[in-house]
Amino acid sequence: MTMLALEIGPEGLAAGPVAPGADDEDIQRIPIPATDVWDACRDLLLDVAKDDEVTAVGIASAGPIDMGAGVIAPADIAEWQTGFGIVEAVQKIFPVATVRLALDGVCVGLAERTFGATQTAMDALSISVSHRITAGVMVGGFVVVGRTGNAGHIGHALVPGFDDPCECGGRGCLETVAGGAALLRWARSQGWVGNSLGALTETAKVGDEIAAQALGRAGTALGLVIASVAPLLDIDLVVVGGQVAQSGPALWRPLAAAVATHARLGFLTGLRVLPSELEGLGPLAGAGVLAMTAAEG
Ligand SMILES: [Zn+2]
């Protein structure tokens with residue numbers, strides 16, 4: 001019985017076997033090609049499957065998605081903008097497999113609940129902040145998928161005091177402040193010289209002032225959104241993962257300060273905001289949970 005997990009992220013595709021003891025070395029990653037994305041995705045899956053009969057596949061995809069139809073249209077894959085039937089395509093190459101699809105944020109919520117920091121919680125929010133920002137909302141022990149599968153698009157929650165245009169067509173979304181592309185754009189506009197999110201977080205850690213300011217803005221924006229969502233959901237635990245979460249105090253200090261200033265209701269006094277321990281593996285690990293659940297029927 002072979003189960004696979006597939007992550008369709010904003011910047012790349014990743015796939016790996018779902019098995020006890022599977023680790024980072026078993027995961028294969030490729031960047032999103034400019035064309036023929038499905039061909040590359042299929043080759044990746046077949047490569048990971050080897051010649052085994054695949055019985056279940058879990059797919060974590062960047063949004064938006066249509067969960068019921070099994071169709072995805074991730075903002076960063078131009079070729080799939082009109083919608084790509086990923087479930088049907090995967091089903092064709094693995095005919096006996098049960099194929100399950102969920103938003104990457106939902107998968108992060110599932111991963112934190114199964115392997116991470118929210119295992120002992122019933123009501124929690126798990127956020128992933130990297131190139132894009134996504135989240136899993138857990139209420140009463142269940143990770144909420146929403147009407148169309150898109151619950152968790154916290155990157156488009158509004159941040160008071162910000163008004164930059166967002167790719168979604170709105171303005172002032174969290175992603176326009178704290179998303180990777182926005183972070184890099186702002187830092188460069190201030191004179192920072194660098195070309196990757198990794199470089200930005202690393203230079204912030206060693207005291208680069210502009211990088212620290214960029215992450216400080218992101219931290220404040222994240223804190224404001226967390227303080228907005230926490231009373232709505234009545235949660236006491238928020239977990240923040242993804243590449244940007246690994247920026248150290250430059251991000252976490254202003255984040256904590258914004259939460260402390262704005263989350264003031266009595267039932268929120270115990271609100272904890274913690275770094276994820278899943279090291280960016282949240283979406284793929286959550287896709288693994290989907291596959292395991294599918295295999296159980
Ligand atoms: Zn937006």
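**Close-up 1. Contact of helix α5 with helix α7.** In this predicted model, L183, W186 and A187 of α5 meet I210, A211, A214, R217 and A218 of α7, where two residues are in contact if their C-beta atoms, placed from the backbone, lie within 7 Å. By class, the residues of this contact divide into 7 nonpolar, no polar and 1 charged, with Ala, Val, Leu, Ile, Met, Phe, Trp, Tyr, Cys and Pro taken as nonpolar, Asp, Glu, Lys and Arg as charged, and the others, Gly among them, as polar. Axes are lines fitted to C-alpha atoms, for helices over the stretch in contact, and angles run from 0 to 180 degrees between N-to-C directions. Helices are DSSP runs (H or I, at least four residues) numbered from the N terminus. Local features need pLDDT of at least 70 and side-chain atom pairs count only at pLDDT 80 or more, whereas totals for chains, interfaces and linings use all residues. Residues are numbered from 1 along each chain as its sequence is written.

**Close-up 2. Contact of helix α7 with helix α8.** Helix α7 (residues 209-233) and helix α8 (residues 249-262) have axes that come within 7 Å and cross at roughly 30°, and α7 and α8 are therefore roughly parallel to each other. The contact of α7 with α8 holds 16 nonpolar, 5 polar and 1 charged residues. Among those that meet are L215, G219 and L222 in α7, and W252, R253 and V259 in α8.

**Close-up 3. Buried side of helix α6.** Within α6 (residues 197-205), L197, L200, T201, T203 and A204 are buried, a residue being buried if 20 or more other C-beta atoms lie within 10 Å of its own, exposed if 12 or fewer, and partly exposed in between. These residues cover an arc of only 165° around the axis, which puts them on the same side of α6; the arc is that of the directions from the helix axis to the C-beta atoms. The cover over the buried residues of α6 includes α5 (180-189), α7 and α8. Just after α6, G207 takes a positive phi of about 100°.

Close-up 4. M292, placed in α9 (residues 282-295), counts as partly exposed, with 17 C-beta neighbours inside 10 Å. Residues up to four places away in sequence not being counted, M292 touches M3 and V18. Although M292 and V18 are 274 residues apart along the chain, their C-alpha atoms are separated by 7.8 Å.

Notes. Helix = DSSP H or I, 4+ residues; strand = E, 2+ residues; numbered from the N terminus. Parallel < 35°, antiparallel > 145°, perpendicular 65-115°, else oblique.
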